[in-house]
Structures are given as C-alpha cells and as structure tokens.
Number of protein chains: 2
Amino acid sequence: MARTLEFFFDIASPYSYLASTQVERICERTGARLEWKPVLLGGIFKATGNISPLTNPVKAMYLMKDVLDWCKHYGIPPLVLPEAFPIRSLTADRLLLVAQEQGRLPALMRSLYAAAFHKGLDVNEPRVLGEALKAAEMDAAASMAKAETQAIKDALRANTDDAIARGAFGLPLFFVGEEMFVGNDRLHFVEAALRA
Amino acid sequence: MARTLEFFFDIASPYSYLASTQVERICERTGARLEWKPVLLGGIFKATGNISPLTNPVKAMYLMKDVLDWCKHYGIPPLVLPEAFPIRSLTADRLLLVAQEQGRLPALMRSLYAAAFHKGLDVNEPRVLGEALKAAEMDAAASMAKAETQAIKDALRANTDDAIARGAFGLPLFFVGEEMFVGNDRLHFVEAALRA
C-alpha cells in the first residue's frame with residue numbers, strides 16, 4: 001500500500017516555502033500520496049510557547065543567509081522577504097482551503113509563495129490575493145467570499161489543532177504515518193521514511 | 001591552498017556531538033584542515049539572548065527523537081541524555097584546551113562525548129573526567145590542575161568571544177573562511193563550501 005506524506009505548512013513561513021518546492025518530487029520518487037495541510041503557524045507558536053527564530057536578531061541575520069543557501073541548493077530563485085514581515089497569512093491560508101475544494105491548492109500555493117517570496121508582496125493585501133487567485137485560475141471574488149465562511153475558518157483551525165495535538169511546535173511539519181519530522185532540513189529523513 | 005574548517009563545539013551540546021562524528025571525515029574527503037574550537041554554549045546563549053531548544057518541552061520531545069534519527073543516519077550508537085541535564089561542561093571544555101596543547105584533543109573529545117552521550121554520565125564529576133582523561137592517555141591530576149590555570153580559562157573565553165563576535169547564536173558552528181554555518185544539519189553546505 002502506498003504511504004502518505006502529510007505536509008503541514010503556512011504561507012507565512014519561508015522554510016515551508018522551501019519545503020513546498022520539494023514535496024511533490026519526493027512523493028513522485030517514492031510513490032507516496034501527498035496530503036496538503038495548510039495551518040496557521042501563529043496558532044502553533046501560541047499553543048506551544050515557541051517563538052519564531054526570526055525574533056532573535058543574531059539568529060535572523062544567519063537565517064536570511066541560510067534560506068539563500070537552500071535556494072541555491074534547490075536551484076530556485078533567491079528568496080526575498082516581504083517588507084511586511086512577519087507575514088499576515090490568515091486569509092491566504094484560508095484561500096488555500098478554498099482552492100483545495102476545487103483541486104487548485106498546489107497552483108494557488110505556488111502563486112501565493114511567488115508573490116511573497118519572489119516578488120516580496122504583502123499577501124495580506126486583497127489586490128495581491130486577487131492576482132494570486134487569477135494566476136491559479138480561480139474566481140477571485142467568489143473565493144474571497146468563500147474564505148470568510150465559517151466552514152473554511154473551522155477547517156484551517158482544525159488542521160492547526162490537529163498539528164498541535166500531534167506534537168507540532170514549528171513549520172514545515174511532516175507526518176509519515178504517526179512519525180513526525182520538523183523542518184525543511186529533515187526532508188531526507190522524510191524521504192527515507194516513505195521508502196521504509 | 002587547502003581550506004580550513006573551524007569547528008566550534010561544546011561537550012554540553014548533543015548536536016555538537018553528532019557533528020563531531022563527521023567533521024574529520026569531511027576534512028579527509030575535501031582535503032581541508034580542521035581547527036577544533038571548544039567554546040561554552042552558555043556564553044553564546046547569554047550574549048545573544050538565545051535559549052536552548054530543549055527548554056521548550058514540546059520541542060524537547062521531538063529533539064530527542066531527532067537526535068536518534070541522526071544517530072541511525074550516521075550509523076553511531078543511539079544517543080542517551082545524561083540524567084544531569086543540561087550538562088555542566090565548563091571543566092570538560094577547559095580540559096579540551098589542555099588536551100589540544102598536547103595533540104590529544106580529538107581523543108579526549110571522543111572519551112568525554114562517550115561518557116556523556118553513550119554512558120549518560122555526568123561530565124562535571126571529577127571521577128568521570130579522570131576516567132575520560134585516562135582513556136585519552138592523559139595525566140588526570142596534572143590535566144585537572146592545568147584546566148584551572150588562568151591561561152586555559154582565558155583560552156576558552158577567547159574561543160567563545162570569537163564565535164560571538166562572528167555571529168554565533170548556537171552550536172555546532174562552522175566557519176569556512178568567513179562563511180558561517182550553524183547546526184549539524186548544515187554539514188552538507190559545509191562540505192560544499194570546502195569543495196568550492
């Protein structure tokens with residue numbers, strides 16, 4: 001039976017973006033099924049008392065260099081951080097769940113991450129969200145309205161609560177069965193677990 | 001000209017231990033020269049306002065699993081954490097500098113890490129330190145006396161201050177020229193930099 005990779009991520013998280021560029025290929029290589037799980041990183045931090053590594057200025061300086069090392073390693077464009085940082089991603093994350101219902105989650109995720117981390121735009125701005133939705137071939141107005149429904153709000157909270165209940169303290173987060181891995185830099189362990 | 005890898009580590013740091021099992025091989029593979037730099041992790045945390053990831057209980061639970069993943073990956077015995085944790089390593093780290101003067105640093109480092117992370121012993125206990133020194137073929141009494149001299153105290157502080165001045169916030173830490181890498185999980189970037 002094919003294994004499943006659960007990928008928990010947030011549009012606000014640069015390291016989630018890095019991992020998002022790899023997870024589909026890993027699933028192709030291993031024959032695993034990919035389950036996308038948008039969550040709110042802020043909710044995980046709040047529940048666990050963990051804080052963003054970017055809040056420490058000495059750490060933050062290195063992390064900006066580190067994400068560029070990863071971009072080079074993955075052969076993707078150098079990441080830029082939006083001026084509006086930390087990123088307010090609540091609406092963007094909810095839109096991912098709207099997209100998921102229409103089979104458009106990967107397309108919208110890519111256009112949102114490109115807006116945030118290639119163009120440095122504020123993905124909390126309706127104009128930026130509208131363009132990302134269009135790029136993902138989704139109806140912007142209908143999707144924005146849908147994102148404000150209780151069902152979508154509850155779905156994002158349910159994903160986040162699920163991650164917290166299973167031991168999350170940061171993102172990106174991966175589950176292979178009940179085995180948890182945290183961080184873009186653990187993808188080699190994720191791949192090994194999918195092959196095991 | 002051969003490149004140099006500066007390896008900053010502390011006997012108190014499980015991830016430094018993991019990296020210590022790899023750095024010599026990396027230098028062999030790349031022809032790099034290895035510079036061992038014992039430092040005091042507590043001093044780095046104090047200077048930068050950073051804290052041990054093990055202080056967050058949710059994070060700590062995952063990190064114990066993560067270090068075991070790395071042990072399996074490296075083909076080394078499963079790491080055990082000493083009961084006396086966090087590890088008080090001030091004397092152990094000073095002894096490394098005594099050992100360095102006699103060309104015995106790698107031997108003593110291995111016996112100290114084995115005491116702490118294979119046997120779970122308290123490397124702040126004179127008896128444990130004495131046995132580690134003997135295993136490294138060093139004179140225990142003379143080395144313990146030497147570790148208390150001002151020159152050795154100053155040398156550990158100088159290494160620590162050097163790391164802090166160059167941007168350290170955690171361990172293990174690596175420099176290839178002035179390029180910094182932080183974490184056992186960045187050794188693939190270290191190796192690439194040594195080959196560049």
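Which residue is the bridge partner of B:Phe7 in strand 3 of chain B? The partner is B:Phe174. The model is predicted: local features need pLDDT of at least 70, side-chain atom pairs count only at pLDDT 80 or more, and totals for chains, interfaces and linings use all residues. Residues are numbered from 1 along each chain as its sequence is written, while chains are lettered from A and ligands numbered from 1 in the order in which they are written.

The model scores ipTM 0.92 and pTM 0.95. Chain A averages a pLDDT of 96, and 99% of its residues score at least 70. Here pLDDT is the predictor's confidence in each residue, from 0 to 100.

Helices (H or I, at least four residues) and strands (E, at least two) are DSSP runs, numbered from the N terminus. Two strands pair if DSSP finds at least two bridges between them. In chain B, four strands form an open sheet in the order 2-1-3-4, with mixed pairing. Strand 2 (33-38) and strand 4 (179-182) of chain B each have a single partner strand, so one side of each is left without a neighbour in the sheet. Neighbouring strands of this sheet are turned by 20 degrees against each other on average, direction ignored.

Strand 1 (residues 4-9) and strand 2 of chain B run parallel and are joined by six bridges. In this pair, B:Glu6 stands opposite B:Glu35. Helix 10 (residues 187-195) of chain B packs on the sheet and touches strand 1, strand 3 (173-176) and strand 4 of chain B. The direction of helix 10 makes about 15 degrees with that of strand 3 of chain B. Axes are lines fitted to C-alpha atoms, for helices over the stretch in contact, and angles run from 0 to 180 degrees between N-to-C directions. Two residues are in contact if their C-beta atoms, placed from the backbone, lie within 7 Å.

Strand 3 of chain B pairs with strand 1 of chain B in the antiparallel sense over four bridges. Strand 3 and strand 4 of chain B also pair in the antiparallel sense, over four bridges. Here B:Phe174 has B:Phe181 as its bridge partner in strand 4 of chain B. These two strands form a hairpin with two residues between them, and B:Gly177 in the turn has a positive phi of about 60 degrees. Both faces of strand 3 of chain B are covered: B:Leu173 and B:Phe175 on one side, and B:Phe174 and B:Val176 on the other, are all buried. A residue is buried if 20 or more other C-beta atoms lie within 10 Å of its own, exposed if 12 or fewer, and partly exposed in between, with C-beta atoms placed from the backbone.

Between the chains, 15 residues of chain A are in contact with 15 residues of chain B. Helix 4 (57-74) and strand 4 (179-182) of chain A are the elements that give two or more residues to the side of chain A that touches chain B. Helix 4 of chain A gives the most to that side, with five residues.

Two peptide bonds of chain A are next. The bond from A:Phe85 to A:Pro86 is cis, with omega near 0 degrees. A:Pro86 lies in the loop between helix 4 and helix 5 (90-101) of chain A. The bond from A:Leu171 to A:Pro172 is cis, with omega near -5 degrees.
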